[in-house]
Amino acid sequence: MLRPTAIRMAKNFEYLIVGGGNAAGYACREFVAQGVGAGKIGVITEEPVAPYERPALTKAYLHPPTAKVRARLPGFHTCVGGGGDHQTPEWYNEKGIEFIHGRASAVDLAGKTVSVGDGAVAYGKLILATGARSLKVSQFGVTGDDLRHVYYLRSEMEAAELVKALESLGSGKVVIVGGGYIGLECAAALVGWGLDVTMVFPEAHCMSRLFNAELASWLEAEYAARGIKILKGDTVAAFVGEGGQLKSVTLKSGGSLDCNIAVVGVGAAPNVEYAPGLALEQRGFAVNDQMQTSDPNVYAIGDIATFPSRYGGVTRCEHVDHARKSASQAVKAALGLNPEAYRYLPYFYSRLFEYTDAPIVFNFFGDQAGECRVAALGEKSVGALWEKDGKVVGALLMGSPGPSPEAQGKLRELVESSAETGNPAEVFAKAGL
Ligand code: NAD
């Protein structure tokens, strides 16, 4: 647990980070790597624990008790996923980085202070790393999501509560609401607990933000073979309880599913409301290629940053690789090191069923605009290309056990080289994949 500072008196930091998630942890790593000394860095955080690799929460954290690997703190503090120091609370103490516990409620850009509770913290340079929060289905008129055993998954505390419920459940039924990253990763983990798992989502296929129907059908067939049921084109209208305890869900189509536990993953909303003086675009703080917002003393990183896309226009990215890299970029810029422009090559991945001897992994690089074409690349793998103006702009590999590190490198090269398109199987073969 953290030993945070109480802020009865005004505090002042040369570099102040708002948010204590993974991006904040990677920003601390970069400050330390650049030799910024003790007492100069403060982190305002609501979470009771030091920054951790959030992707683990829907993967190894949820692995069944029989799994060889079950992520638990302090084992997955930042930066274990990025190959850096294991930044435990002791690490921050040693480096003289102070945590201030609470939620930042306002930023005074002219006075250069951030309000937290009844106090204010002053800054020289400010790095905003407040991430995103789960969208609640109650916002869409769904009732009962406050019942016991209906879970959203964003923080370690929420994941811990879910695991506690799973451990006391033994056997039973789970409904997963949503067919995106959280839905797929949680369904894959929870079926391993011997539970009867059903996914429900409104689209015609899973992972509709990235996959086309053909890619999705490959993955859905794997899910079906591993015992997960998928209800498409439908949504939950209500969670129904008895004595405050979840008993079933009612579907918009009129049906009903009994369940003991429900997990909801229907998207995220960036946390930006506390700094209305900064320019917004695509629901995030607009930043330049130095991650600098419309105020020159303020930087934004991770999920909340809307940055110039290498493909033209601007973009926002809710994935860990960008959180890590944008953190490093903003710190270098805040220190006046004039880093090269942030020309980020988007990278997303998922790892599913890792606790089995037949895991599924997909890796995607590039831009997902344009037409997507799929090719079978063997008995247990598929590849997909996204094409624009005769060039490959995005590429994905998915399979069981999934692409090797070498194949991932080749996939990245294929996209970075803007290779000519063609028959997808031939393009992959030419790239050595
Ligand atoms: P998502 O955007 O990946 O998926 C949202 C899903 O919600 C959609 O696929 C859709 O099926 C579903 N949906 C929308 N409205 C619905 C409704 N009314 N009823 C039922 N389903 C509905 O978002 P997520 O899975 O909630 O993930 C949240 C955030 O966390 C995202 O930013 C995601 O990128 C991030 N995340 C990423 C990873 C990864 O990169 N591997 C893993 C976990 C979470």
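The following legends describe close-up views of a predicted model. Local features are given at pLDDT of at least 70 and side-chain atom pairs only at pLDDT 80 or more, while totals for chains, interfaces and linings use all residues. Residues are numbered from 1 along each chain as its sequence is written, and side-chain values use heavy atoms, with hydrogens and water left out.

**View A. Helix α6 and the residue that follows.** Helix α6 comprises residues 320–334; helices (H or I, at least four residues) and strands (E, at least two) are DSSP runs, numbered from the N terminus. Of the 15 residues of α6, 13 are buried (under 20% relative accessible area; exposed is over 50% and partly exposed in between, with a 1.4 Å probe and protein chains only). G336 follows α6 and has a positive phi, near 75°.

**View B. Surroundings of N212.** N212 is located in the loop between β10 (196–201) and α5 (213–225). A polar atom of the N212 side chain lies 3.2 Å from the backbone nitrogen of E214, and a polar atom of that side chain lies 3.3 Å from the backbone oxygen of C372. Apart from neighbours within four places in sequence, N212 is in contact (heavy atoms within 4.5 Å) with H205, C372 and V374.

**View C. An open sheet of 3 strands.** The strand order is β12-β13-β14, with antiparallel pairing (two strands pair if DSSP finds at least two bridges between them). At the edges are β12 (236–242) and β14 (256–258), each pairing on one side only. The twist from one strand to the next averages 25°. Strand β13 (residues 245–251) is joined to β12 by 6 bridges, and F239 has V249 in β13 as its bridge partner.

**View D. Aromatic pairs.** The whole structure holds 16 aromatic pairs (Phe, Tyr and Trp rings, the last by its six-membered ring, with centres within 6.5 Å; planes under 30 degrees apart are stacked, over 60 edge-to-face and the rest tilted). Y15 and F31 form a tilted pair, 4.9 Å centre to centre with 35° between the planes. This pair links strand β1 (residues 11–18), which holds Y15, to helix α1 (residues 22–33), which holds F31. Y15 counts as buried at 11% relative accessibility, as does F31 at 0%. Y92 and F99 form an edge-to-face pair, 4.9 Å centre to centre with 70° between the planes.

Key: Expected span 1.5 Å × (residues − 1). Polar contact = N/O pair within 3.5 Å; in protein donor to acceptor, adjacent residues only side chain to side chain. Axes fitted to C-alpha atoms, helices over the stretch in contact; angles between N-to-C directions.
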